[in-house]
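This report describes one protein chain, part by part. Look through the sequence and the model first, then read on.

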Amino acid sequence: MSKYISTIGLLVLSNVFMTLAWYGHLKFFNKDGGHSSTPLWTIILLSWGLAFFEYCFQVPANRIGSSETGGPFTLVQLKIIQEVITLIVFMIFSVTFFKNTQFTYNHLIGFALLVGAVYFIFKA
């Protein structure tokens, strides 16, 4: 059971850093934040710095969780877990930091389809 929890926990941490690296600059270096003149290369370097920590959690999650290294998940299962975690983290991030973001029924239907994908991937 601990490999399940460790894998999912590390994937969540990884996705928090990934989401910050990919989208954080849109919030923290926007026109309203007073940092809109920050050079793009600086933002890229900051994003790479965050992505380093993403990999520090992602790689161990995959090593611990993969059936290739004694973990409980197949490669495909790991990928679908990661995608669903990415969507959940992104939704929380966007609602928290971007107040103008709204999710519609189309988004919820898409999410439900991804949950269905998890079901079918794990059913095999």
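## Buried and exposed

A residue counts as buried when its relative accessible area is under 20%, as exposed when that area is over 50%, and as partly exposed in between. F73 has a relative accessibility of 4%, so F73 counts as buried. The model discussed here is a predicted one. Of the 124 residues in the protein chain, 25% are buried.

## Overall layout

The protein chain has four helices and zero strands. Along the sequence, the pattern reads α-α-α-α. Taken along the principal axes, the C-alpha atoms fill a box of roughly 50 × 35 × 20 Å.

## How the helices pack

Helix α1 covers residues 2–28 and helix α3 covers residues 75–97; the two pack at an angle of about 45°, and their axes are 9 Å apart. Angles under 35 degrees count as roughly parallel and those from 65 to 115 as roughly perpendicular. The angle here makes α1 oblique to α3. The crossing of α1 with α3 is right-handed. In this contact of α1 with α3, 15 residues are nonpolar, six are polar and one is charged.

Helix α3 also meets helix α4, which spans residues 105–123: their axes come within 10 Å and cross at roughly 160°. An angle over 145 degrees counts as roughly antiparallel. That is why α3 is described as roughly antiparallel to α4. The crossing of α3 and α4 is left-handed.

## The salt bridge

How many salt bridges does the structure hold? There is one. It joins the side chains of E83 and K79, with a distance of 2.8 Å from N to O.

Both residues belong to helix α3, where E83 and K79 are four residues apart and therefore separated by about one helical turn. Are these two side chains buried, exposed or partly exposed? E83 has a relative accessible area of 32%, so E83 is partly exposed. K79, with a relative accessible area of 46%, is also partly exposed.

## Aromatic pairs

A pair of aromatic rings is described by how far apart the centres are and by the angle between the planes. The structure holds 11 aromatic pairs. In one of them, Y4 and F73, the ring centres are 5.2 Å apart and the planes stand at 90°, so this pair is edge-to-face. Y4 is in helix α1, whereas F73 is in the loop between α2 (40–65) and α3; the pair therefore ties together parts that are 69 residues apart in sequence. Y4 is partly exposed, at a relative accessible area of 38%, while F73 is buried, at 4% relative accessibility.

Another pair is that of F17 and F57. Their ring centres lie 5.7 Å apart and their planes are at 20°, so the pair is stacked. Because F17 lies in helix α1 and F57 in helix α2, the pair ties together parts that are 40 residues apart in sequence. F17 counts as partly exposed at 23% relative accessibility, and F57 counts as partly exposed at 22%. F17 and F57 also belong to one aromatic cluster, together with F52 and F53.

## Summary

Helix α3 packs against α1 at an angle of about 45° and crosses α4 at roughly 160°.

Key: Residues numbered from 1 in each chain as written. Predicted model: local features only at pLDDT ≥ 70, side-chain atom pairs only at ≥ 80, totals over all residues. Heavy atoms only, no water. Axes fitted to C-alpha atoms, helices over the stretch in contact; angles between N-to-C directions. Left-handed = near helix turned anticlockwise from the far one by under 90°. Nonpolar A, V, L, I, M, F, W, Y, C, P; charged D, E, K, R; others polar. Salt bridge = Lys/Arg side-chain N within 4 Å of Asp/Glu carboxyl O. Buried < 20%, exposed > 50% of the residue type's maximum accessible area, 1.4 Å probe, protein only. Phe/Tyr/Trp six-rings, centres within 6.5 Å; stacked < 30°, edge-to-face > 60°.
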